[in-house]
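Welcome! Have a look at the sequence and the model first, then read on.

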Amino acid sequence: EGNKMKLEDLRKLIDETDAKIVKLIGDRIRIAEEIGKEKKKQGKQIEDWERENKVLENVRGVAQNENISQEDIESIYRQVLTASKRIQGGVAFQGEIGAYSEEAAFRFFGSSILTKPCESLDEVFKLVEQGEVNFGIVPTENSLEGSISRVYDLLLDSTLRVCGEIELRVIHCLIANPGARLDLIKRVYSHPQALGQCQAFLKHLDCELIPTYDTAGSVKMIKEKGIMDGAAIASARAAEIYGMKIITSEIEDNPHNFTRFFILAKQDSPPSGSDKTSVVFSVKHKPGALYEFLKELAARHINLTKIESRPTRQKPWEYNFYLDFEGHREDKLSQEVLASLEGVSLFVKVLGSYPKAK
């Protein structure tokens, strides 16, 4: 009887301790929520992984003092961090889990940010506009293929702001089912851009190329359909996620293959001292209108990092210009430039100011 009583007492102690742990996790989540609100007020929208690593380092230290496994505590804590982040809202991206956009999101926000896969770029914009997630991440240009025009069209019509940018080196892998052999592969599936970026390798393979809506999605598809004579082009991470085999990696034609991504939110970022501003405008139909504006930038020694034109879709042969320049829209010089732009344009829209990609 005594032993049974003792066991009951110990179980009761466990239940009480669990209740305390859950209550403390609840407290932690509420504090994280406050931090989220503070960051929003200060316009700090960016998760910092240095802080995350510090938190994990701290709990490992406590675990060591308590003489319990540091690895176990770290893995429990990663879950706690994820629960705290959930409150701060996630980031939407286009594609399946394992897509390059998701990889860029993890690079930008840290590994415990919650990611939400979307079928289309339109859906990414919609989720952020409706407040279902705090951020979206969209590819805007590739160093080889140029700009992704759909994103620029969406930016023009949306109320969202660009609050960050990141550049990701794109490393393509040829991925297949575990039992597949390179010499038996007849079809290669991937996003049209990825197929375009591996032309030399694919020519040599002599396969049928089948465009899909997403790189990681094509890996998922050949896995689910058990396609043994087909392969996909995607990231190494996609192969890992879906338990697939990398037949060859770094199959892209050019090692200098980078994609630039914009981070979208309802507000852009406060000045950081090393910023860029993106604008879209259309100039009046008169000689020298664009030159007048570019002269204003040059006179102030403002570095223009990108300019390109896109058809307005309203009238044939009318163009909108998309422009990135160094500086923050709140700086005195940038404000002078934007004011002079108002003078030569039919319309101007500031897409956002944000810290330059490192």
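Two residues count as being in contact when they have heavy atoms within 4.5 Å of each other. With that in mind, V219 touches I175, A232, A234, A238, Y242 and M244, leaving out residues up to four places away in sequence. Please keep in mind that this is a predicted model.

**The nonpolar cores**
- The largest nonpolar core has 33 residues, and I137, V219 and I263 are the ones that touch the most other members.
- Helix 4, which spans residues 100–109, gives this core its largest share, six residues.
- Another core, of 23 residues, lies apart from that one, and its members include V138, L156, L264 and L351.
- As general background, nonpolar side chains tend to be buried together in soluble globular proteins.

**Helix 4**
- Nine of the ten residues of helix 4 are buried, so this helix is largely enclosed by the rest of the structure.
- Those buried residues are Y100, S101, E102, E103, A104, A105, F106, F108 and F109.

- P192 sits in helix 7, which covers residues 192–196.
- Is P192 buried or partly exposed? Its relative accessibility is 44%, so P192 counts as partly exposed, since that class lies between 20% and 50%.
- Setting aside neighbours within four places in sequence, P192 is in contact with P211 and T212.
- From P192 to I263 there are 71 residues in sequence and 23 Å in space, C-alpha to C-alpha.

Notes
Residues are numbered from 1 along each chain as its sequence is written. This is a predicted model: local features need pLDDT of at least 70, side-chain atom pairs count only at pLDDT 80 or more; totals for chains, interfaces and linings use all residues. Side-chain values use heavy atoms; hydrogens and water are left out. A nonpolar core is a set of buried Ala, Val, Leu, Ile, Met, Phe, Trp, Tyr and Cys residues joined through side-chain atoms within 4.5 Å. Buried means under 20% relative accessible area, exposed over 50%, partly exposed in between (1.4 Å probe, protein chains only). Helices (H or I, at least four residues) and strands (E, at least two) are DSSP runs, numbered from the N terminus.
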